[in-house]
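Have the sequence and the model open as you read.

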Amino acid sequence: MLKKTDVFIRQYTRQDEDALFELIMREGGGWEGYCDAQNKPKYQKALVGSVTYLIFENDLLCGFVRCRSDDGLGIYVYDLLVDKDYRGKEYGRLLLEQVC
């Protein structure tokens, strides 16, 4: 069962950049393409220009969601990632609820 007191969600800031890219690199499986020399600057810009939320457990970043809004008509999810060690705790659901 999820203990919500151990978990919090907040909006992304530039200060989160290193931790977020570390999470992406640990995932592998194609995600690391966001971190290569050509794509990282583009993704850094996309993170700031998007609706991006991070989820933490005990102050450790364990997932994020990146979305775009079309002026209140809908939300489009571009990226949703929960660290492998934190899956099965409904963190992805909590992130999606945050943006909806």
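Start with α2, residues 40-49, where Y43, Q44 and L47 are the buried ones. Buried here means under 20% relative accessible area and exposed over 50%, with partly exposed in between (1.4 Å probe, protein chains only). Those three cover an arc of only 105° around the axis, which puts them on the same side of α2; the arc is taken over the directions from the helix axis to the C-beta atoms. On the face turned away from the buried side you'll find K42 and K45, both exposed.

What do the buried residues of α2 pack against? Their partners are α1 (17-27), β2 (51-57), β3 (60-69) and β4 (75-82). Helices (H or I, at least four residues) and strands (E, at least two) are DSSP runs, numbered from the N terminus.

This is a predicted model, so local features need pLDDT of at least 70 and side-chain atom pairs pLDDT 80 or more, while totals for chains, interfaces and linings use all residues. Residues are numbered from 1 along each chain as its sequence is written, and side-chain values use heavy atoms, with hydrogens and water left out.

## Helix α1

On α1, the buried set is E17, L20, F21, L23, I24 and E27. They cover an arc of only 155° around the axis, which puts them on the same side of α1. These residues pack against α2, β2, β3 and β4.

## How the helices meet

The axes of α1 and α2 come within 12 Å and cross at roughly 120°. Axes are lines fitted to C-alpha atoms, for helices over the stretch in contact, and angles run from 0 to 180 degrees between N-to-C directions. The two helices are therefore oblique to each other (under 35 degrees is roughly parallel, over 145 roughly antiparallel, 65 to 115 roughly perpendicular, and the rest oblique).

At the contact (heavy atoms within 4.5 Å), E17, L20, F21 and I24 of α1 meet K40, Y43, Q44 and L47 of α2.

## A closer look at F21

F21, in helix α1, counts as buried at 5% relative accessibility. Setting aside neighbours within four places in sequence, F21 touches Y34, C35, K40, Y43, Q44 and L47.
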